[in-house]
Every structure is written in structure tokens, then in C-alpha cells.
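Look through the sequence and the model before reading on. This report walks through a few local features, one at a time.

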Amino acid sequence: MALLSMLSFGLLGIVPAVLAALQPGPPFVRLDKNDAMVIVADHQEGLFQLVRDFEPVTFRTNMIAHSAIAQLFNLPIVITTSAETGPNGALPKEIASMYPSAPLIRRNGEVDAWDNEEFRSAVRAQNKTQIILGGITTDVCTEFLALSLRAEGYTVFANTEASGAMTDKLAADANQRMRDAGVILQGTFAIAGDLMRDWRNAPGSQQVLPWFDTYLPAYGFLARAHKAAVQNGTVLPGEEGL
């Protein structure tokens with residue numbers, strides 16, 4: 001008993017010392033659905049052909065899902081294209097039909113969308129400080145715009161699943177440059193999860209699970225499997241002790 005008392009006393013002395021030694025880390029920058037907007041930068045049918053760091057079917061879904069984030073969370077969205085009457089091609093109809101009234105800035109020369117005055121005005125008019133960005137290509141349309149937005153003071157969340165490059169190396173180099181500039185790199189699942197914050201919120205499970213079923217089928221099928229197990233599941237011999 002005496003030994004236990006000594007150990008307990010020793011531990012009680014250690015804990016405050018450990019806590020006192022803890023130093024605050026970098027702040028966790030959270031997405032706020034009341035202060036966020038979405039930018040779609042050059043998600044075009046021609047530029048889509050350049051993406052080699054994703055399988056085409058996967059990237060098509062990722063690209064459309066990025067736009068659909070704004071619809072799910074009722075966020076403002078600004079869309080821009082580059083020389084769409086040339087080889088870069090048109091905005092996919094799936095995105096265009098989703099937002100028939102959203103600002104669509106058709107750039108005819110500027111590589112960095114921020115160099116276009118109409119685009120800058122459209123973004124500033126949303127009066128948001130957080131920007132969720134995806135574009136083709138990662139190393140040009142996403143990177144250039146992300147760095148320009150950071151220079152303006154915006155908090156930028158680059159959707160790495162909705163930005164595609166011609167090689168893995170180009171994507172990695174661009175992501176590193178953006179990270180060094182303070183751009184937050186996240187995928188669609190993390191972006192949606194942070195905007196939702198709590199499954200009991202609105203939008204919450206009622207709205208987000210069907211959205212995942214459409215755009216993130218891995219999680220959609222996980223939810224389907226849970227539903228099937230609850231409604232029709234039978235514990236098999238051998239499962240009781242698992």
C-alpha cells in the first residue's frame with residue numbers, strides 16, 4: 001500500500017509538469033459554412049483530357065462533386081472557364097445545369113483567373129473569406145489562383161481530389177508550393193465533413209448521406225450496408241464473439 005501511495009503521489013506530480021510543458025500548436029483552421037464559398041476554375045471538357053493523376057471516371061465524379069458541395073451546403077459559387085471556344089472546351093453540362101444563375105466568368109486570355117477583373121469582382125461580391133477551390137490543371141489553374149487568393153488574404157482550401165495534373169510529380173510540386181504559401185490541402189470527404197461538423201446538424205446525415213452515396217460511393221455503400229444489417233441482418237454462427 002505504501003508503494004502504491006508513493007507511485008500515486010509521484011504520478012500526480014508528473015501530470016501538472018507535463019501539462020505545463022505543453023506548448024500550443026498551430027491553430028486548427030476550420031471551414032465555416034457561413035463564411036465559405038466555392039470556386040470552379042477551368043473544369044472544362046477539353047482540359048479534362050490532360051488529367052493523368054486520376055483515372056478518368058474517378059476524376060469526372062470528383063469534378064462534379066466539387067461543384068455540388070456548394071449546392072449541399074448552400075454556399076455561393078463562382079465558376080470560371082478559360083478560352084472555352086478553343087481546345088480547352090466547354091464547361092460540363094452537369095455543372096452548368098446545377099448553377100444556371102451563378103456567376104460564370106468566361107476568360108479569353110488570362111491564365112491566372114485572378115488577373116481577370118470581372119472574376120475578381122465576382123469573388124469579392126460574395127463577401128466570404130474562405131474559398132474552396134478546384135481546377136484543371138493543379139499546377140496552373142489551381143496553383144496560380146490559390147497563390148493569388150492567399151496574397152489577397154483569403155483562406156484557401158484546395159480540393160486535391162478536384163484538381164488534376166498531367167503527372168503525379170507536377171501535382172506534388174504544385175501542392176507543395178501551395179502548402180508553403182499556407183493553402184490548406186483537403187479532399188472532398190474532409191471538406192464536406194468539416195462543413196457539416198456534426199451529423200446532427202442541418203445539413204447533416206439526412207442530407208449528407210445521400211450526397212455521399214452519389215459522389216463518394218465507398219461511404220455510401222458503407223451506409224447502405226449498415227441499413228441492410230439493421231433491417232435484415234442475422235448474426236451468423238461464429239460472429240457472436242467478434
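## An exposed asparagine

Asn 127 counts as exposed, because its relative accessibility is 65%. Here, exposed means over 50% relative accessible area, buried means under 20%, and partly exposed lies in between (1.4 Å probe, protein chains only). Asn 127 sits in the loop between α4 and β4. Its phi is positive, at about 55 degrees, although Asn 127 is not a glycine.

## About the model

This is a predicted model: local features need pLDDT of at least 70, side-chain atom pairs count only at pLDDT 80 or more, and totals for chains, interfaces and linings use all residues. Residues are numbered from 1 along each chain as its sequence is written, and side-chain values use heavy atoms, leaving out hydrogens and water.

## Helix α4

Helices (H or I, at least four residues) and strands (E, at least two) are DSSP runs, numbered from the N terminus. Helix α4 spans residues 117-125, and Phe 119, Ala 122 and Val 123 are buried in it. Seen down the axis of α4, these buried residues fall within an arc of 95 degrees, so they line one face of the helix. The arc is that of the directions from the helix axis to the C-beta atoms.

The face turned away from the buried side carries exposed Glu 117, Glu 118 and Ala 125. Among the elements covering the buried residues of α4 are β1 (36-41), β2 and α5 (138-152).

## Helices α2 and α8

The axes of α2 (residues 56-73) and α8 (residues 205-215) come within 10 Å and cross at roughly 165 degrees. That makes α2 roughly antiparallel to α8; the term applies to angles over 145 degrees. Axes are lines fitted to C-alpha atoms, for helices over the stretch in contact, and angles run from 0 to 180 degrees between N-to-C directions.

Contact means heavy atoms within 4.5 Å. On the α2 side, the residues that meet α8 include Ile 64, Ala 68 and Leu 72. On the α8 side, Gln 207, Val 208, Trp 211 and Tyr 215 take part. In α8, Val 208, Trp 211, Phe 212 and Tyr 215 are buried. They cover an arc of only 100 degrees around the axis, which puts them on the same side of α8.

## Two cis bonds

Which residues does a cis peptide bond with omega of about 5 degrees join? They are Ile 136 and Thr 137. Thr 137 lies in the loop between β4 and α5. A cis peptide bond also joins Ala 202 and Pro 203, with omega of about 0 degrees. Pro 203 is in the loop between α7 and α8.

Technical notes. Parallel < 35°, antiparallel > 145°, perpendicular 65-115°, else oblique.
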